[in-house]
Amino acid sequence: MTGLILLPLAWASLAFVLGPGRGKWLAIGGLSAQAWLAFDLAAKVGAGGTALLHPVGGWGAPLGIDLAADGLSAVMLLLVQCIALPLAIHAGAYFKRGDAAGAYFWPLAGFLIAGLNALFLSADLFNLYVTLELVGLAAVGLVAAGGGAQQVAAALRYLFATLVGSGLYLLGVALIHGAYGTVSIAILTPLVTSDAPRLVWIAGGLMLAGLMVKTALFPFHTWLPSAHGNAPAPVSALLSALVVKASFYLILRLWLGPLAPLTSAIAWLPALLGALAILWGSWQAIRAERLKRLIAYSTVAQLGYLFLIFPLLPGTDALEAGIMQAFAHGLAKAAMFVAAGVIIEATGRESVMDLSGAAGHLPLTLFAFGLAGMTLMGLPPSAGFLAKWLLIEAALDRGHWGLVAVVLAGGLLAAVYVFRVLRQAFLLAPADAVVKSVPRRLEWVAFLLAAASVLLGLRGVDLVRLLGAGA
Amino acid sequence: MTANEWLPLAVLASSLLPGLIIFVLPEGWIGLRTTLNLVGAIAKLVLVGVLLAGVAAGTEYGVRLAVLPGLDLAFKADALGLLFITLSAVLWLFTTLYAIGYLEGAPHRSRFFGFFSLCVTATMGIAMAANLFTFFVFYELLTLSTFPLVVHRGTDKAMKGGTIYLAYTLAGGTALLTGIVWLHHLLGHTEFAHTGIAAALGPEQAIQLKTIFLLLIAGVGVKAALVPLHGWLPQAMVAPAPVSALLHAVAVVKAGAFGIVRIVYEIYGVEFAQALDLLTPLAILAAITIVWGSFRALFQDDLKKRLAYSTVSQVSYIALGVALFGPIGTIGGLVHLVHQGIMKITLFFCAGNYAETLGIHKVSEMDGAGRRMPLTTIAFTIAALGMIGVPATAGAVSKAWLSAGAAAAGMGWAVWVLWTSSLLNAAYFLPILWRVWFRPRLLAWPDEHIPARPWHETAWLLLLPPLITATFTLAFGLFADSPASPLAWAKLIAEREYRAQRSDAPASPPHE
C-alpha cells in the first residue's frame, strides 16, 4: 500500500533533481510498477472481500496514521494507474525536449499522482485534507506550467477555486475535531447521529460545499473550462479524468460514512445541481467554438451524472452507477483530450469548424474520439452505457422518473456535441489544408484509452464485484 | 466451451475480425482487403449452413456472458434468428462483391469496408440476441456503424442525410432503452421465450405494459420506418448504392422489422399481446404505413427516393403479418422479411448500375435504358414485378399468405389494404418498366462512365449480384413449396412459436 504513495514521490523527486524536461523513463517505469501494485491490491481486496488496513510505521490510529483500502479505494486506485500510465507514454511523445510547457511536467505529475493515491488510501479527515491540498497545488502548477498569459490566468482562477474549496473543507474538519476530538472516519461514523449539535451540521455543510467547488459541480464549475481547456493535452487529460474524481470520492466517503445521518434532508440538492450541470454543460459544449473547450464543458456535464446518485444512496446499484460513471468518464475523457491534442498538433487549428478532413488524415484518432464519444453518450456496449443502465434502474427502484428523464436527455445532448465534432471531421478537407505528421504513439494512446472505456462495458461485473468488497 | 456455444460467437467473429483488420490496412492493399472480405463472407455462410442444419434437427445453440450482476449478454441461434441471419449473410456476400466493383478507385475504401463489416456483425448480433438487452446493444452498434457509411461521400448533402438518420435513430434508441430498462425493472430479466414473458405480470400492470409496448415499438419502429417515424429513410438515399442495399435489405430496416417480431412473439407473446389489445393498433399502423409509403412513392422522380418510399411500404408488410393474429399471417410476415430483402436489394443494385454506368438518377431520364443495359433491366423488371406481386415471383407468395392470414384472422380490411398497395405498386413501377423497355432514347445519356461493348453493358462485378438476386426472386416464387425455400423455414418457425403457445409451457427465466 505504501508503495503506491512512495513510488510516485520517489520518481517525482528524482525527475526534479535531473532537471527540466527529464524523467520520462523514470515515470513510465514507476507507473508500470504502480499499476502492478494497484492490480495486486485489487486482487487482494477482491479475494478477501474485506478492507485492508495498514498502520504506517507500525503506529496505528489514533496516534499514528492508518492507510485503509476497501473495494471503493481499490477501484479508484486502479483508475488512477490505468489512466496515468498511458498518459505518461503520451506525454513522453507530446513534450519535445526543451519545450517550456513540459519542463516541470514530470515532477508535478508525480506529486499529483502521489497525492491522489494517498487520498484514496487515507482513513482520516485531516490526512485527506493534506492529500487534497497536494493534489490541488500540483494541478494548478501543471496548468500554469504552459507559461502563456491565458494559461497563467486560468491557473490563477483555478488556484483561487481550489484554495476556497480546501479552505472550506479544512474549516469543517476543525469544527468536527472540536466536537468529537477525533478525525478518524472509522471512529467518527458511529458517533455522528441525526441529533448532533448544530455546529456539526455546519461543519458537514462546509466540507461538502468545499468539495463541490473542487469537483466543479454546477454552479461552481466556472473555473473548470478555462483550466482544462487551456492546459497542454496530457495535463487536461489528467485533470479531467482524475483530479475532479478525487473530491467526488471524498464527498462519497463522507456521505456514506460520518455524515450519513445528516444528509437525508439535503439529498436532492446535489442531484438537482447535477441535473443542471448536465443540461448546462452539454448546452455549452454544443455551442463551444474551440474543440478543447467543448471537451472541457463535456466534463462539466459528465460530472453532473455523478451527483445524480445521491438521492438514491444507499440503495442497490446507485454507488455502482456512480463509480462506473467515474471510471468510464475517466478513460473516455483522457482519450478525448489526447485525441484533441493530436488533431490540434497535426492541423495547427483549434476550432471545431476547422476539423474538416480530419477523418481522412487521422483516421485512428477520429476512431478513438468516436469510441470515447460512445462512452460519453452512454451507448452500448461501453462502460458509460452500463453506468446509465444502473442509474436508470436505481432511479426506477425508487420511482424517481425525473432522474430517468435527465439521464436520457443527457445522453441525447452528448450525442449532439460528439457528432458535431465527428460530422465536421467527415467533411471533405479544404484544398489548402496542411497536415503535419504526428508520432503514431500519440494516436495509439488515444485509441487504447478509448477502447478500454468501451470494452470495460463487457466486464462491468468485475468492477461491481470489486466495489462490493469490504464496503 | 462446446461447439454449441462457440458457433454463435464464430458467426459474429467471421465479420468482426476481417472488419477490424481491414481498418488498419493501408488504402492500396486491395488484394488483401478483398481476400479478407470474401473469406469472412464465405466462412460466415459455411457457419450459417452448419447452424441451419443443426436448428432444423432441433439442436439448441447459445452462449451467455455476464456484464453486470443479473444482466447477461446472451446469444442464441434459433429458427427465427436464423431466418434473418441467413438473409443477411447471403446478401452480405453479394453486396460485398457489388461494393468492390462499385467503389473501384474511390477514396477511403478501408474505412468503408471496415464499417461495412461492423454493420454486418451488428446485424448478426441483433438476430442472435437472446434477450432485449443484447438486442439493444447490437441495435445501437448498428446505428453507429452505419453513420460513417451514410456520410461516406463527405459532401454537405451526405452530411445532412446522415444527421437526419442519426437524429431519428438515436431518439428511437432512447425510447427503446427506456422500454427495456422499465421491463427489466418489472420482470428482473428480458429473455426472449416462445410464449413471451410479459404475461408473468398480473393484469394490474396492464397500463405499464402497454406503455412499454409503445416505447419498444417506437424504438424499433424508427429503423423499420413505420409512419410517422420513416422520415430518415428517403433522406439516407444520398449514400452510395451498396450502402442503400445495406440499409434497405441486409441490415437496418430489417433489424427494425425483426425487432417487432421478437417483441410481439417472444416478449409479449402473441396471445397476451392480443389480450392487451396491442395487435390491432399495430396492424392499423402497419396498414397506414403500407398505403402512405406506396402513395408517396408515386410522386418521386428520383429513382432511389422512389425505391426508398417503396421500402417504407413493403417493410410494413412484415409488421402487418406479425400483427395478424394467427399462424398464416405470421408465415406471410416472416417470409416477406426474406422476400422483400432480395427484391429490394436487386432494385438498388440496378439503380446503382444505371447511375454508375450512364449517370441516370431520375425516373424521367430512364427512357430506352433497357436496350442499352438489357441484363440489368431484366433483373430490375423481375424485382419490380415481384414487388407488385405478379405470380411466379417471391412477392406473390408473400402477398398470398398475408391475404390468407388477414382473412383467417377476420380482418378483411387488411386484404383491401394489400390490394390497394399492389395497385399503387403497379402504378409506380409499371411506368418505369414502360420507359426503359418501350420509350426510345432521344438524348445522350446524362453521364456515361462505362462505354457500351457487346456483352459488356457494365462492369461484371456490378452486373452479377443483381442477376443472382433476381434469380432468387423467381426461384423463391416458383419453388416456394420446396423444403429449402424461405417459405418452408417460415412455416417451421410458425409451427414452433404456435406449438409452444398451445402446450402452454410456462415462460421460465434463465436466472435461477
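Predicted model: local features only at pLDDT ≥ 70, side-chain atom pairs only at ≥ 80, totals over all residues.
Which residues of α2(A) are buried?

## Helix α2 of chain A

In α2(A), the buried residues are K24(A), A27(A), G30(A), L31(A), Q34(A), A38(A), L41(A), A42(A) and V45(A).

The length of α2(A) can be checked by simple reasoning: at 1.5 Å a residue, its 25 residues should span 36 Å, and because the end C-alpha atoms are 36 Å apart, the two values agree. After α2(A) comes G49(A), which has a positive phi, near 75°.

## The two domains of chain A

Chain A is divided into domain 1, which covers residues 1–266, and domain 2, which covers residues 267–471. The C-alpha centres of domain 1 of chain A and domain 2 of chain A lie 22 Å apart, and the contact between them takes 43 residues from domain 1 and 48 residues from domain 2.

On the side of domain 1 of chain A that touches domain 2 of chain A, the elements giving two or more residues are α2 (24–48), α3 (71–94), α9 (223–230) and α10 (233–256) of chain A. Sorted by class, the residues on this side of domain 1 are 28 nonpolar, 13 polar and two charged.

## Where chain A meets chain B

Between the chains, 25 residues of chain A are in contact with 22 residues of chain B. On the side of chain A that touches chain B, two or more residues come from each of α16 (363–377), α17 (383–397), α18 (401–426) and α20 (460–468) of chain A, and α18(A) gives the most, with seven residues. This side of chain A has 19 nonpolar, four polar and two charged residues.

Helix α1 of chain B runs over residues 3–24, and its 22 residues reach 31 Å from the first C-alpha to the last, close to the 32 Å expected at 1.5 Å a residue. At A13(B), α1(B) bends by about 35°. The buried residues of α1(B) are L7(B), P8(B), V11(B), S14(B), S15(B), P18(B), G19(B) and I22(B), and they pack against α2 (30–56), β1, β2, α3 (79–102) and α4 (109–128) of chain B.

Two of those partners, β1(B) and β2(B), are antiparallel strands of residues 61–68 and 71–77, joined by seven bridges. L68(B) stands opposite L71(B) in β2(B). The hairpin of β1(B) and β2(B) has two residues between the strands, and G70(B) there takes a positive phi near 80°.

## Further along chain B

L209(B) is placed in helix α7 of chain B, which covers residues 206–223. L209(B) counts as buried because it has 23 C-beta neighbours inside 10 Å, where 20 or more are needed. When residues up to four places away in sequence are left out, L209(B) touches A198(B), L201(B) and L276(B). L209(B) and L474(B) are 265 residues apart in sequence, and their C-alpha atoms are 42 Å apart in space.

Helix α19 of chain B, residues 460–478, has 19 residues and reaches 27 Å between its first and last C-alpha, close to the 27 Å expected at 1.5 Å a residue. In α19(B), the buried residues are L462(B), L463(B), P465(B), P466(B), T469(B), A470(B), F472(B), T473(B), F476(B) and G477(B).

Terms used: Residues numbered from 1 in each chain as written. Chains lettered and ligands numbered in written order. Domains from an automatic or database assignment. Contact = placed C-beta atoms within 7 Å. Helix = DSSP H or I, 4+ residues; strand = E, 2+ residues; numbered from the N terminus. Nonpolar A, V, L, I, M, F, W, Y, C, P; charged D, E, K, R; others polar. Pairing = 2+ DSSP bridges. Expected span 1.5 Å × (residues − 1). Bend = angle between axes of the 7 residues up to and from the residue. Buried ≥ 20, exposed ≤ 12 C-beta atoms within 10 Å, placed from the backbone.
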